[in-house]
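What follows is a walk through one protein chain, from its overall build to a few individual residues. Please keep the sequence and the model in view while reading.

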Amino acid sequence: MFTNKSADGKNNICGRNIAALRKEMGKSQRELSDELQRAGLDIDKNAVQRIESGQRFVTDIELVFLSTVLKTDINELLKQRSE
C-alpha cells in the first residue's frame, strides 16, 4: 500500500527544518508568514504552524518561497533529521 506521509507519520519532512531555521533567525511564526506574504506567497501564521508541526502538506511552490525567505537551499529543507 502507498502512503504519502513521512516515516514518523507527518505530512511533510521539511517542517522540522523550517522551524529550526526560523528559530535560528530569531523570527516568530507570524514574522515568517509576513515575510512570505511580502515575497508573494499567500500564507498565514496558522499555516506556518501546521507546516512546522507536520500537520500540513507543503507544495513545491511553497518550498521555493520558504527556501528564499529562509536563505537556504531547498535540499536543506528536505533533509530528514532525527528529533
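**A walk through the chain**

At 44% relative accessibility, D73 counts as partly exposed; the classes used here are buried for under 20% relative accessible area, exposed for over 50% and partly exposed in between, with a 1.4 Å probe and protein chains only. This is a predicted model, in which local features need pLDDT of at least 70 and side-chain atom pairs count only at pLDDT 80 or more, while totals for chains, interfaces and linings use all residues. Residues are numbered from 1 along each chain as its sequence is written, and side-chain values use heavy atoms, with hydrogens and water left out.

D73 sits in the loop between α4 and α5. Its C-alpha atom is separated by 21 Å from that of D42, a residue 31 places away along the chain. The loop that links α4 (60-69) to α5 (74-78) also holds K71. K71 has a phi near 55 degrees, which is a positive value in a residue other than glycine. With a relative accessible area of 68%, K71 is exposed.

The protein chain as a whole contains 5 helices and 0 strands, and its pattern along the sequence is α-α-α-α-α. Helices (H or I, at least four residues) and strands (E, at least two) are DSSP runs, numbered from the N terminus. Along the principal axes, the C-alpha atoms fill a box of roughly 40 × 25 × 20 Å. The radius of gyration of the protein chain is 12 Å, which agrees with the value near 12 Å that a compact globule of 83 residues would have. That radius is taken over C-alpha atoms, and the globule rule is 2.2 Å times the number of residues to the power 0.38.

Of the 83 residues in the protein chain, 37% are buried. Among the contacts with a separation of 6 or more, 56% are between residues 24 or more positions apart; a contact means heavy atoms within 4.5 Å. The protein chain exposes about 5400 Å², and carbon and sulfur atoms supply 50% of that area. Accessible areas come from the Shrake-Rupley method with a 1.4 Å probe, and for residues only the protein chains shown count as cover. The chain carries 14 positive and 13 negative charges, whose mean positions are 4 Å apart. Lys and Arg count as positive and Asp and Glu as negative, with His and the chain ends not counted; each charge is placed at NZ of Lys, CZ of Arg, CG of Asp or CD of Glu.

Just after α1, G26 has a positive phi of about 75 degrees.

Ahead of the helix, N12 lies in the segment before α1. N12 is buried, at a relative accessible area of 10%. Its side chain reaches the backbone nitrogen of G15 at 2.8 Å and the backbone oxygen of R56 at 2.8 Å. Such polar contacts are pairs of N or O atoms within 3.5 Å; within protein, one atom must be able to donate a hydrogen and the other to accept it, and residues adjacent in sequence count only if both atoms are side-chain atoms. Residues up to four places away in sequence aside, N12 touches S6, I51, G54, R56 and V58.

Within α1 itself, N17 is buried at 4% relative accessibility. The side chain of N17 reaches the backbone oxygen of L77 at 2.8 Å. Beyond its neighbours within four places in sequence, N17 is in contact with E76, L77, L78, K79 and R81. N17 and L70 are 53 residues apart in sequence, and their C-alpha atoms are 10 Å apart in space.

R22 also belongs to helix α1, and with a relative accessible area of 8% it is buried. The side chain of R22 reaches the backbone oxygen of K27 at 2.8 Å, and a polar contact of 2.6 Å joins the side chains of R22 and E52. Not counting residues up to four places away in sequence, R22 touches K27, S28, Q29, L32, E52 and L70.
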